[in-house]
Every structure is written in C-alpha cells, then in structure tokens.
Amino acid sequence: MKNEVAFPETLAILPVRNTVLLPFMTLPLSIGRPKSLALLQHVVKQGENMGVVAQLDGDIDDPVDQDLFRFGTIGKILKSSDPGQDTASILIQGLSRFRIVEMVSEFPFHVARVEYFRESEATAADLEVEALYKNLKKMVHRVIRLSPNIPDEASFLVDKVPSPSYLADMVAHYLDIEVKDKEAILETVDLIERLKFVTKILTRELDVLELGNKIQSEVREKLEGHQREAYLREQMKVIQKELGESDGNQEEIDKLRKTIEDAKMPEEANLASTKELKRLGRMHPSSPEYQVVRTYLDWMIELPWAKATVDNLDLSVAERILNEDHYDLEKVKRRIIEFLAVRKLKSDLRGPILCLQGPPGVGKTSLGKSIARALGRNFHRISLGGVHDEAEIRGHRRTYIGAMPGRILKGLKKAGSNNPVFMLDEIEKLGHDFRGDPSSALLEVLDPEQNHSFSDHYIEVSFDLSNVLFITTANVLETIPPALRDRLEVINIPGYTEEEKLRIAREYLIPENLEEHGLTGDLIEFTDESLSTIINNYTKEAGVRNLKRELAGICRAVAKDVAYGKSEKSVVDAARVEAILGKQKFYSEVAERVSRTGVATGLAWTPHGGDILFVEATMMKGKGNLTLTGQLGDVMKESAQAALSYIRSKAAELKIDEDIFATHDVHLHVPSGAIPKDGPSAGVTMISALASLLTKRPVNKDVAMTGEITLRGIVLPVGGIKEKVLAAKRAGMKTVLLPEKNEKDLDDISESSRDAMEFIFVKDIEGVLQHSLGLICGSQLN
C-alpha cells in the first residue's frame, strides 16, 4: 500500500556496510567515502531526509546500483558532526520502508526513484496478528530475564511498544543476527509474515541463550566446588599450623595430584587414583594405612599408561638386525617381518602371541631380545619355571600385608612402555597347587580378545595389554594346558646339524667368546677339524649352549697363555682340543650294538632334540612270556606286544619255528633305563629287533628307523621327523626308514642333510623287514 505521508518520490541514497536501518529505530553511522560525504553535505544543507540501503557486499568501496539491496529505509538525521571534514558521524532515525524502483543517478551521489510501504490499521487489529504480537512479547520478556546484560526495566519499555510492526522491527534491530536476515525482515512488508519471521529467529536465539546459561551454570558450580575445596584446604593448613603439625603432607599431596594429571591415565584409573589421593589427604603420615595408599599411588603413577615406543617399520633394517643376531630360524624371522608389514599398513594391529618351541640351546630366549631390537621396542623377560601361585601373574589384593602387583605389571613398569616385547620363558614349567593355577591366569593375558582390559588384583583397574608383543618359549607343548596352548601361535625351532653348528660357531660363538675373554683373531684361530671334534666328541645336544661353553674353556686356556706373555697365535686343532678339554666325553656305540642279532637302532624325539634309541631283544627257555624293561610307558609296551603278535602271525612266512613261542620267553630292553620312555614311534624298531632275534639275522648297521605299527602290518606316520633325522645324521647313520606319509616333513630339513643320507619310505612292515634285515615275506595287506 502507498504511504499516505508525503515523502519525496526521488530520494538521495546512502549505501551502508554490514548494517540495516529499520523503521522507528535510530542508528549511529560513520561516513568517510567521498560520495557519502557529498550526500551528507547536500541533505544537511537542504534539510532533506535520505534513504539508507545496505550493500550486498560490505567490502566494496564504491558500490553501484547492482551492489545494493532493493529495499531500504528513509531516515531523518537527528544529529550530525561537521560534514566538511574527511569523516563525519550522524545519528539517523528510520521513518518508513521503501523499494528502489530505478536508480536515477550515481554522481555526485546515488539518487533513486522509490516506492514507500506501511501496514494498515485493520491489519494490525487482526486476531492472528494479535496472537503473534503477544507471543513475541512473551519471548522478549524471557530474553530479558536470561540476559545478564539487559536491565529488568527493559520489560517495562516492551510493554509500552505502540504496535506489532514497531515491536517486530525493534526486536530485529537489537538482535545480533546477520545482515541478510535483517534485510529479509525489512523486505517483509506483510505484517503477519514479518512477525512469524522474527518469532522464528528469536526462538533460535532464545535456545542458544538458554544453552549458554546452562553451560555457565555448570561451569559456575564447578568453579564454586574448586573454590570451596581450596578454601577448606587453606583452613586445614591453618588448623595444622595451630596444632604444631607440619604442612609438608599437603605439599606431598599437591605434588602427587600434579603427577597423576601428568600420567595421562584412562578415566577409570584416574578416578581410582583421585579417590585414593583424597583418602591419603585425610590421613596422618604416621598412620599404618598411609604408606599402603601411598605405595598404591606410586604404582599407579609409574605404570606406562600412555608411554609407548615408536615401531621401526623399515622391513629391510629389521631383517638385517635379525640376521645379525641369529643364523637360520627362517620361520621366526619371516613371522616377525610379516607382523611388521601388516603393522605398517594397519597401525592399530594387535600384537601376536607367539610360542617358540624347541630344545634347549637353540636361541629361543636370545631371539626375543633380537626381535625387540629389530622392532625398536623395549624388552622384558620373566621366567615362569616353578611358578605355582596365581598371584604371581595377577598380583595380590590390597587387603593382604605386603601386597604387590603381579609379574605382568611389574614387567611393564620395568620396561617403561606399554608396547614392549614381553618374553614369558619356560611356559611349560608352570605348576599349580592350593594357591591357584597361574596357567589359568595367563588365559586372559595371552588372549588378544581379552587382554585389552587386563585386571590386576592389586590396582583393580583395567590395563590395556593389546599393544604388547608376547613371546613365550617352551621345550615341549604336551605339558601346556590345552586352553592355554590354543591361544599360542606355535613356531617350532628344531635342533641344528653339524654344518649349521660349524657356521654358528664361526659367525657368532667364536667372535662373542673372543670379545668376552679379551682376545682377538691375531691371538687364536680355530680349525674346522677342531670345531668338528668339539661338536661330535664333547657335546651331545640339539642346540649350541654346551658348544659355547666348551669354546669358552679353550678361550680361557689361550687367555692364560697370553697373560703369561705368549705373543704368537695359538692354532687350535683336534690335538689341542683334547689337551685343553680332556678325554673324549661322548662315543658312538652304533657299530658295536647293531653288529649283533636282536639289536635295532630307532630314532626318538626328546625335549632336548632328537636322539638315537637302541632296542635290544634276547630269548631264553620259558613258557612264552614277554618281559619289557627300560622304564617303558604304556603306549610303548603295547607297541612291543603288537610287534610280537604280528611276528607270531607271520612266523611261517618268516621261516620261524612256531613252537619256539611256547617254549621260550622273550625279553625286550631299551637301554638308558633311568630315563622314562613312551610313545608309539618305536614300533618298527621293536619289530625289527624281534625279527632279527628270531631269524638270527643282524639288522643293517647303517639303518635307523621310526614309525608306528598296527596288527594289520601298516606303518603309520609319527612326529618330530626333523629332530630324528638330525639325530641319525649326528650318529653317522647312512639310511633312514620313515613312514610313507612323513615324506612331506623332509621339506623342513636342509638340502645338505638330505643329500648326506638315503631316505626310504615304507608303508607296511614288509618294507621295513626287507630294508632292515633283507627279509622278504608275503603281502601284509589282506
């Protein structure tokens, strides 16, 4: 609707930045642009009103028609400074909305032809307008109550607002909203739409204000709590001073509080530590409980909650370090490199739970240190041999006097990081008694699905072990509980051949011994003959521990000569070895034993690696009884009975007098009677010894054998093939009889060892007797 007030149709336009003038509102403006100053001089001189229009972009210094909004407000200058200066200030009051119809000129200032708008009285009396008007008033009153910067007297002024249009424009004027929103309100000529628009914006601002007040209230409560605590602490200090007590305890409490904050504990651990710290603050230092709580806090602070080392993800460097420290052991090295490769691609990879299983002296424990060095991690080792108490793993509850955390948390504290390489040595030697089963406690430690929240009885909060690389070692797996063994990734480390021991001695053991004894290569030299003599005549092991010990004995003897003044190089040959180490300690009895009937050479697996096993059989007059000696287990006794039964069933084919079984007793003996023996793999050896005795044919002296037999004459596969083959090689055997299904196991044996012996794979007892005794009988598979 056209405004009835006589405003000029052509109006001087003042462009303004980042603000909007609304009707009835007053607005202070600073004017400094040349065109704006020219406009101000004109309107002041002529006593005219001017139009105020907001710019679309406040960064434009010299706007043109296209840079201005289409709506503006005609205003009356209430006060102005001298317009002749470079800048001027004015106070202007809005009178009415207008719309620019067209821009008449832009120099020396903007002049436009405009159209004016206002609301009719009838519209203001509409019921919907009245409802919107009252609701807006209520909202404004709420804003006044919530805003600390608005005086309560403002509510009185709101009640005196003359019209809904005035209220809507006033609210828009005082709201801290964007220019585009204020301009939208200015352009909304329809009163109902404008009231709705302002109500919507005010609702949003009211929500923000209420949320801000809620946040301020919470912060104020926290601050008041801190201030109250500080006030009470000051009172405690004054009371202690009046009682003549030292305030050093409070200084200690403050220091502990700061240390707890610096430890960056998880929320659960932080809450527990803070709770105990408050208890400590209420205790006298002479109280017995004081030291208990203090020890607990010391443990919580010193645990590496957030301390971690950075992994060395350079695969080539890690591989070089592993090769520097250990010879062979390709399976373990490959597994560590694979872990690093995946760790490089996935940073949150959980550490594997490895179990290095093998005989003593093959380098299982030292391999853990090498892995830590390759990964760039800290290393810690604990020995589980002889551990019987569950509290050794989980710790003691603090109700006990002298309670301490378990070995796991102790180790992490000593390692100084939460991602070390943690070696659990000799895990198969864990025991259990009335104090608990430590192997059950290890189930949580060694389970990747659970150890992220390992709980020690002492600290009683969860500690994340998922970043720890656990490596366990064991000589045998049979004594490890099945549930615990199921959590382990077992990597078998077999014994070494003579060639491998020679190379290990040359590359690792001799340089290490020379350094330990202060010798150099210019003072001592070992020949290959001397090393072979030490390996074969002075050691009998799968590993190299005793070999290192014997080399150390020779180095000590040479070091003594050097200390006495000998300067020339000592060349250690076989004769010098015997002179220093004494008479030969181990002899090969193979040739003597197998040259007689009734003796066969078997192969056995032991915790110390492979070994040869002799089975001796003899016969005397009797009633057909079978006597077994040599501390044989039930399985081994059953193998002997099965072997005798099979021979009796095939007596005719083997040309054995059947009456001999009724008139003679058979005695089967396995030497080294002090050592318990068991297992089915001696079956082929027992049947060869019995067949040799009854046919009076000696077993081929160069043949060693292993395998389980059945009454049907089938030879079944057995385990420990690599260890057994290496034992045969050490004993000088030329031929090894193996079950046919064990042929695949030769892949784990070095090519040099395979080439040094002949391997014959048999599927039935007929093949065993043919190659061991030269006997040929009918088919055994009916």
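Asn18 sits in the loop that connects β1 (10-16) with β2 (26-31). Please bear in mind that this is a predicted model. The phi angle of Asn18 is positive, about 55°, although the residue is not a glycine. By way of background, most residues other than glycine have a negative phi. Asn18 has a relative accessible area of 59%, and because exposed means over 50%, Asn18 is classed as exposed.

Lys696 is not a glycine either, yet its phi is positive at about 60°. With a relative accessibility of 60%, Lys696 counts as exposed.

I turn next to a peptide bond. Phe107 and Pro108 are joined in the cis form, with omega at about 5°; in general, most peptide bonds are trans. Pro108 belongs to the loop between β5 (88-105) and β6 (110-117).

Now to the sheet. Five strands form an open, parallel sheet in the order β8-β9-β12-β7-β13. β8 (379-383) and β13 (489-492) are the edge strands; each has a single partner, so one side of each lacks a neighbour in the sheet. On average, neighbouring strands are turned by 20° against each other, direction ignored. Helix α12 (residues 330-345) packs on this sheet, where it touches β7 (353-357) and β13, and its direction makes about 140° with that of β13. Within the sheet, β9 (residues 421-425) pairs with β12 (residues 469-474) over 4 bridges, and Met423 has Ile471 of β12 as its bridge partner.

Finally, Gln66 lies in the loop between β3 (50-54) and β4 (71-80), and Gln66 is exposed, at 59% relative accessible area. Its C-alpha atom is separated by 83 Å from that of Asn492, 426 residues apart along the chain.

Terms used. Residues numbered from 1 in each chain as written. Predicted model: local features only at pLDDT ≥ 70, side-chain atom pairs only at ≥ 80, totals over all residues. Heavy atoms only, no water. Pairing = 2+ DSSP bridges. Helix = DSSP H or I, 4+ residues; strand = E, 2+ residues; numbered from the N terminus. Axes fitted to C-alpha atoms, helices over the stretch in contact; angles between N-to-C directions. Contact = heavy atoms within 4.5 Å. Buried < 20%, exposed > 50% of the residue type's maximum accessible area, 1.4 Å probe, protein only.
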